[in-house]
Amino acid sequence: MTAKLIHGYEVVIGFETHTQLATQSKIFSRAPTAFGAEPNTQACAVDLALPGTLPVMNREAVACAIKLGLALGSHIAPVSIFARKNYFYPDLPKGYQISQFEIPVVQGGEVEFFLGDEKKTVRLVRAHLEEDAGKSLHEDFIGQSGIDLNRAGTPLLEIVTEPDMRSSEEAVAYAKELHKIVTWIGICDGNMQEGSFRCDANVSVRKPGAELGTRREIKNLNSFKFMQQAIDYEIRWQIEQIEDGHAIQQATVLFDPDTGETRAMRTKEDAADYRYFPDPDLPPLHISEQWVQDERAQMAELPRTMAARFVADYGLPEYDATTLTQSKAMAAYFEAVAKACSQPKLASNWIMGEVSRRLNMAETGIEQAPVTATQLAALIGRIADGTISNNAAKQVFDALWTGESNDVDAVIESKGLKQMNDSGALEKIIDEVIAANPDNVAQFRAGKDKAFNALVGQIMKASKGKANPTQVNELLRAKLAG
Amino acid sequence: MTSTALHDLGVAQLATELRERRVSAVEAAQHFLARAQAHQNLGAYVAVNPDITLAQARAQDAAIAAGTAGPLAGVPIAHKDIFVTKDFPSTAGSKMLAGYQSPFDATVVTKLADAGAVTLGKLNCDEFAMGSANENSAVAPVGFDAPAPVRNPWATDRIPGGSSGGSAVAVAARLAPAVTGTDTGGSIRQPASFCGITGIKPTYGRASRYGMIAFASSLDQAGPMARSAEDCALLLSAMCGPDPDRDSTSLDVPAENFSAKLNDSIDGLRIGIPAEFFGEGLAPDVRAAVDGALKEYEKLGAKLVPISLPRTQLSIPVYYIIAPAEASSNLSRFDGVKFGHRAKDYTDLVDMYKKTRAEGFGDEVKRRIMIGAYVLSHGYYDAYYLQAQKIRRMIADDFQNAFKDCDLIAGPVAPTVAWKLGDHGNDPLADYLADIFTLPGSLAGLPGMSVPAGFGEGGMPVGLQLLGNYFQEARLLNAAHRLQQATDFHLRRPEGF
């Protein structure tokens, strides 16, 4: 399809995402990586760049890179090189960042996702291993800045895309998909507030068919909401500039959520010369085919594969399968319910419906759901075998959710929710309703279907909701026809 | 107590005296501390702390008494001030690190301490190991209020060589039986040559660099300096070994007993003589001494084989691109933020950086930082740094070709004997050119030695350089030891010491 145009301009977006890796220790030292500790308590001599210290590669971080490469169908370089990116900043203890420049560990690959009904593919350029910097703390110190080096040396994978995205929606969908993948394969905790997943968006606009426009890079987008706002603002701003006859200057910009605007931090003229060169303290990183195979063997099923399996094995619509594979925990919950009750579509409906609604209200994840998969399966079983109606099931679910009870059958019993499956008793109610509503009966016989529904309603009411609607339908139709 | 003065004993003899309790570690330490003080005018030591030294010595006496002593139990040594130490300040000869206290010991320091060595103190060196004359130290030696020249005990108006100048002087003047040094482009071999002592730089990666304040990471290597090859072997055996948890460039090659083969015959040993080491620039007095040593080798049954190292000349520009490039980056951490010197008055962050580094670094360090930043900068990287790396590989290949025809390579360490203090004055190029014979081995990462080979102009010592193939340290030490069994140059002492 052709790209959506905005005021006649095509939008071009590429992403760089800094993914903090969920390793126990830092990328080149043994200091722990835990977030939120007192400043400078999680930084060892290596992280502080004390004279005489040297970096030693953390194998776990390399394993994370291999997993990402496997998940995205990338080439995993058998030999990659660490390089020094030289610049002075107080939160960069060595005066250089150890990164990968010419030969990164992960090369190529792609991220596939749905934007609405349309399948999109964003190609990756690379993903490289590098160390995070510390943090400058400008509050709390009058006229001075504090430096917290706890974060210094935290392993990062910087994931760089081709400029393949054509709208802010697509960009956000890409970011969400990438977020899903890195958390799914367990290489990142995905906590955007804590900075575990930080996106930079390179945005430019052009007339269709023209050369790529000059890009501006929006730094540090750490929420999906701000990401969309920032990109939308940036697109409008760039188009206005061009329409007003101004050329776009390459720049790095920051998004201010308070004003909803982006503003330039530095322009290309200020761009530093990082004097990259291979780090002589680190030999080339060798990754054996065996190591890649071992990681492959240990990798969990990927969301895309799992969704396809849900369609094939459980007969779910693609929409359901994609929704249920948004997180590993959600998918696991679904599978547990579906297997226990053998009603995959009902399980899907309940999870995407009632369960998700309650989770959203509680602002929590499925891991914290008070209704276990076993309980939900039991509940669905009771719907499927006709013991209770869907409406009654919601009451049972409520009791389970609030902790009123943890046993499905006990709730059905104590609340008297069992459907009236005794056709004798039901027929008696139906006969009474027919007798009491001659008008409706007459209208139905005159061809008005609405009247039938009114009678069903009356019967359900008279049964206090316990009648099985399917059974009511059958019996009523038979009686009226007779 | 034997009749020979303690300071005339070699490490091996001293270790035996200590183990057999004819002398205590405390006595040995006191003896050398007293000598260091008596000769502090040489400027060799930059830090001593008798309390700490004597405490270490007492611990070794206890270990000897308990029968748990290591091979170097009670042997007093001193460390070049490039190694960080918990118990002494670690300055790298720089104002930038004046008074800096490291919270940890360098691996080499720990290993020697584990072998039982007692630390006398820290030794003067060129700032961040950058220099060939030890005239670039910004630290006041013990007994001085301001930086002072380090003096060669053979002629105190001459330089000792560099950058391990204090190390070489301490051994030559018998202020320590043995010491550590570091060699990036010749910083062990050249001062050893100039001061008439023995020094060895092992294969790059054999000794851990952890705790060595980095100058040029791909070249820096620690090594021992002592009076004899036998003594160097003892120290080197303790210093080497893998350090995979701290230094990624440390090689997975087990520690070795380098003393085991010292006495092997060298009959039939093929010694390669590179034509390029004996050209125009070589002073006749140095040449004569080196030729004399080579004749001794022939007498011992070795064969001299002419070889070629065609890119010897190129090693100077290659080295003076790669080493400053790495240094410019390694020295970025000295920014006044976390440790070391910080300027007193500054207006903002950039001003703080500029003033701190302008005040903290000496001229030679600044010169190399600028060269390094230049050769790495955008647009120049390919022409300088990348090209230098390619030639570096070719230089290493030249050695592999040469080693097809010989077992060792021999030649001069430096073109001249030690020059007079201030002679190279404002001409850093003169210093750089004097490194020509040591740079090729450094760039190739090969082990190399300096062995006393005689005396030249002004009665100054001349060293013979021996270079081996990778991991051939034992063979180098064997060849050096056999020469020292046949000659007494290494036993000569400068007058008054």
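Analyst: Let's take the interface, then a surface patch, then the backbone. This is a predicted model, in which local features need pLDDT of at least 70 and side-chain atom pairs count only at pLDDT 80 or more, while totals for chains, interfaces and linings use all residues. Residues are numbered from 1 along each chain as its sequence is written, chains are lettered from A and ligands numbered from 1 in the order in which they are written, and side-chain values use heavy atoms, with hydrogens and water left out.

User: How many residues of chain A are in contact with chain B?

Analyst: Contact means heavy atoms within 4.5 Å. Here 30 residues of chain A touch 40 residues of chain B. Buried area is the accessible area (1.4 Å probe) that two parts lose on being put together, summed over both; for these chains that's about 2800 Å², with 59% of it on carbon and sulfur atoms.

User: What about salt bridges between chain A and chain B: how many are there?

Analyst: Look for a side-chain nitrogen of Lys or Arg within 4 Å of a carboxyl oxygen of Asp or Glu. Chain A and chain B have two of these between them. One of them pairs Arg30(A) with Asp245(B), at 3.1 Å from N to O. On the side of chain A that touches chain B, the elements giving two or more residues are β5 (82-86) and β17 (277-278); strands (E, at least two residues) and helices (H or I, at least four) are DSSP runs, numbered from the N terminus.

User: Which residues make the nonpolar surface patch?

Analyst: Patch residues have over 30% relative accessible area and no salt bridge; nonpolar side chains (Val, Leu, Ile, Met, Phe, Trp, Tyr) are joined within 5 Å, like charges within 9 Å. Areas come from the Shrake-Rupley method with a 1.4 Å probe, and for residues only the protein chains shown count as cover. Tyr89(A), Leu349(B) and Val350(B) form a patch of about 240 Å². Leu349(B) sits in helix α10 (residues 349-360) of chain B.

User: Is Ala49(A) buried or exposed?

Analyst: Buried means under 20% relative accessible area, exposed over 50%, partly exposed in between (1.4 Å probe, protein chains only). Ala49(A) has 0%, so it counts as buried. In chain B, Asn134(B) also has a positive phi, near 60°, and is buried at 2%.

User: Where is the cis peptide bond?

Analyst: It joins Gly162(B) and Ser163(B), with omega about 5°. Ser163(B) belongs to the loop between β3 (118-123) and α5 (165-172) of chain B.
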